[in-house]
Amino acid sequence: QGLRALGQLASPHEGAVLCLTRLESGEVASGGADGGVCRWRRDGTLAVVAQLAGSWVWALGQTADGVLHAACEDGVVYALDAADLCVIGRSEATGAPLRTLCACDETLWLGCADGRLHRLVWTGSYARAGTWLGHSGTITALVPLPGGRLASAAEDDTVRVWSVDMS
């Protein structure tokens with residue numbers, strides 16, 4: 001009754017697996033401390049592996065156009081073709097280590113180790129759309145909410161709900 005493990009996959013990541021995301025195809029992508037991103041087929045077999053610049057991949061998310069985005073320790077965000085994991089875009093817009101990412105339509109919300117919340121817009125390339133000091137500690141989680149709102153959680157023992165004005 002309840003949860004039953006169906007098996008354990010041998011990960012090609014060298015070190016910790018730090019994040020997972022479900023892709024619109026029903027497959028799963030993983031990111032690791034080795035700077036790698038893997039795409040896993042629905043049957044649990046490895047489909048493709050990509051090595052980013054060597055920085056830890058803390059968070060993954062997919063925008064409405066199907067592009068996979070990776071938020072990394074070195075403050076860089078990568079745009080990856082979800083099928084072959086080839087890099088199709090890159091941004092150093094945050095200037096701080098990234099810890100979490102939330103993809104909503106074409107908008108990326110990024111949570112940083114310095115407590116800042118960044119908004120990037122993806123339309124084939126990244127455009128910076130705002131930065132806010134959201135917390136006094138590392139932002140650890142972001143989630144979209146109904147009604148144009150966003151929730152953030154951080155190591156400062158707080159959860160905040162934001163009203164998002166997209167104009």
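Start by selecting Cys 38: this residue is buried, with a relative accessible area of 1%. Buried means under 20% relative accessible area, exposed means over 50%, and partly exposed lies in between, with a 1.4 Å probe and protein chains only. You are looking at a predicted model, where local features need pLDDT of at least 70, side-chain atom pairs count only at pLDDT 80 or more, and totals for chains, interfaces and linings use all residues. Residues are numbered from 1 along each chain as its sequence is written, and side-chain values use heavy atoms, with hydrogens and water left out.

**The cysteines**

A disulfide is a pair of cysteine sulfur atoms within 2.5 Å. By this rule the count is zero disulfides. Now pick Cys 86. Cys 86 counts as partly exposed, at 41% relative accessibility.

**The sheet**

Switch to a cartoon view. Four strands make an open sheet, ordered β1-β2-β3-β4, with antiparallel pairing. Strands are DSSP runs (E, at least two residues), numbered from the N terminus, and two strands pair if DSSP finds at least two bridges between them. Select β1 (17-22) and β4 (46-51): these are the edges, and each has a single partner strand, so one side of each has no neighbour in the sheet. From one strand to the next, the twist averages 20°.

Next, select residues 28-32 and 36-40. These are β2 and β3, an antiparallel pair with four bridges. Find Ser 30; across from it in β3 stands Cys 38.

Move to β1 and β2, which pair in the antiparallel sense over five bridges. Here Arg 22 stands opposite Val 28 in β2. The hairpin of β1 and β2 has five residues between the strands, and in it Gly 26 takes a positive phi near 95°.

**Gln 62**

Last stop: select Gln 62, in strand β5 (residues 57-62). Is Gln 62 buried or exposed? At 17% relative accessibility, Gln 62 counts as buried. Show polar contacts (pairs of N or O atoms within 3.5 Å; within protein, one must be able to donate a hydrogen and the other to accept it, and residues adjacent in sequence count only if both atoms are side-chain atoms). The Gln 62 side chain reaches the backbone nitrogen of Glu 24 at 2.7 Å. It also reaches the backbone oxygen of Gly 66 at 2.8 Å. Beyond neighbours within four places in sequence, Gln 62 is in contact (heavy atoms within 4.5 Å) with residues including Arg 22, Val 67 and Ala 103.

Terms used:
Axes fitted to C-alpha atoms, helices over the stretch in contact; angles between N-to-C directions.
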